[in-house]
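Dear colleague,

I am passing on the structure we spoke about, and below it I have set out what I found on going through it. Please read the notes with the structure open beside them.

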Amino acid sequence: MLAPYAMASGDSRGRRHPEPEHEYRGPFQRDRDRIIHSAAYRRLSGKMQVFTGEMGDYHRTRLTHTLEVSGLARTLARALALNEDLVEALALLHDLGHPPFGHTGEEVLDDCLAEHGGFDHNAQTLQIVEWLERRWLPKPGLNLTFEVLEGQTTRVHKSASDTRPLLEAQVVEAADSVAYDTHDADDALVLGLLSLPELLEVPLWRQAAGRVRRRFCNLADEELRRACVHELIDWQISELLRTADARLADWQVDSTTRVRECPVVVGFEEEFAQQKAELERFLFDRVYRHPLIVTIRGRVAAEISELFALLLAQPQQIAPEFFPADEPSNIARAAGNLIASQTDQGVARLLQALT
Ligand code: MG
């Protein structure tokens, strides 16, 4: 059923702590289930993507974003005959390491931990599944397969390696970009940070609206917004598949070994990528730097810094499970692990408990 360039479950290199095979679940299905049953996964529902809960309840959370990525990645995987179980595990895993309050939380923790190697949400995802999460077994971590850990590792060191990730990891990376470029604009429209006429000045949205209007005329703004979101997702996924099919044929990709040697297969062509970059610049200036968002960011940044300082002063409040085994006296790192594990509301609760 799988294409020759897909990662076959039977070819998995297994786990750090070997386990017997399961009677009816493959290795990557088991990984997906371990991720879904983890506390870090459930807490994604209480972590903001870009917008906080005080702004309304229409917008995506880190969990609904993750589920959108998983759905898009599976669509790509099925069309390319890739390993859907591996793709789903990688997608559900990909944002597990995000701290509360999105990129603001990440920037503050990165500053707080500057002398201890900084903080990066992709690296934190690996820390979570390798030791911070605990299953019913005595060993720390989720003991995931090497392929899932490797897929996440390529997100940490994006350009450091001269071999490419498996196609299963490439589709998750692409699906992540399709999801956030589309849904951040949609959320901003509904929350009133942007107007549709403003957004329609951005080439990608203008073309999407043109494609929609060729099929439906006289759409009200609300209908046009929904239709454009649908169109943008469908169009981007179709572009990715068209490009990937051509590259697979041109580069004669016929094995996972060949996947690792070739340039990225699942990506946008130059012109389309530039248009996405233009949309991202627009979102950065108009949404992520919107005065309302900047005000909220300032407040939550102060909360996280304060929490970090309080924990450094009261290290006995940090549970032993947050201390790394190789650095048992690194209070700063333990405080960072504890803060990163919190939901947005958890930060407020912890602040109240410590002051
Ligand atoms: Mg993501």
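In this model, which is predicted rather than experimental, the magnesium ion has as its protein donors His65 (NE2), His94 (NE2), Asp95 (OD) and Asp176 (OD), which lie 2.2 to 2.5 Å from the ion. Along the sequence these donor residues follow the spacing H-x28-H-D-x80-D. Since His65 belongs to helix α3 (residues 62-79) and Asp176 to helix α8, this pair ties together parts that are 111 residues apart in sequence. Both His65 and Asp176 are buried.

The other element I looked at is helix α13 (residues 270-288), whose 19 residues reach 25 Å from the first C-alpha to the last, close to the 27 Å expected at 1.5 Å a residue. Its buried residues are Phe272, Gln275, Lys276, Leu279, Phe282, Leu283, Val287 and Tyr288. Seen down the axis of α13, they fall within an arc of 160 degrees, so they line one face of the helix. Among the elements that cover these buried residues are α8 (167-190), α11 (221-250) and α14 (291-313), while the face of α13 turned away from the buried side carries the exposed residues Glu270, Glu271 and Asp285.

As for the whole protein, it has 16 helices and zero strands. Its radius of gyration is 21 Å, close to the 20 Å that the globule rule gives for 355 residues, so the protein is as compact as a globular protein of that length. Of those 355 residues, 53% count as buried.

Technical notes: Residues are numbered from 1 along each chain as its sequence is written. This is a predicted model: local features need pLDDT of at least 70, side-chain atom pairs count only at pLDDT 80 or more; totals for chains, interfaces and linings use all residues. Side-chain values use heavy atoms; hydrogens and water are left out. Helices (H or I, at least four residues) and strands (E, at least two) are DSSP runs, numbered from the N terminus. The expected span of a helix is 1.5 Å times one less than its number of residues. Buried means under 20% relative accessible area, exposed over 50%, partly exposed in between (1.4 Å probe, protein chains only). The arc is that of the directions from the helix axis to the C-beta atoms. Contact means heavy atoms within 4.5 Å. Donors are N, O and S atoms within 2.8 Å of the metal (3.2 Å for Na, K and Ca); water is not among the atoms, so sites may look incomplete. The radius of gyration is taken over C-alpha atoms; the globule rule is 2.2 Å times the number of residues to the power 0.38.
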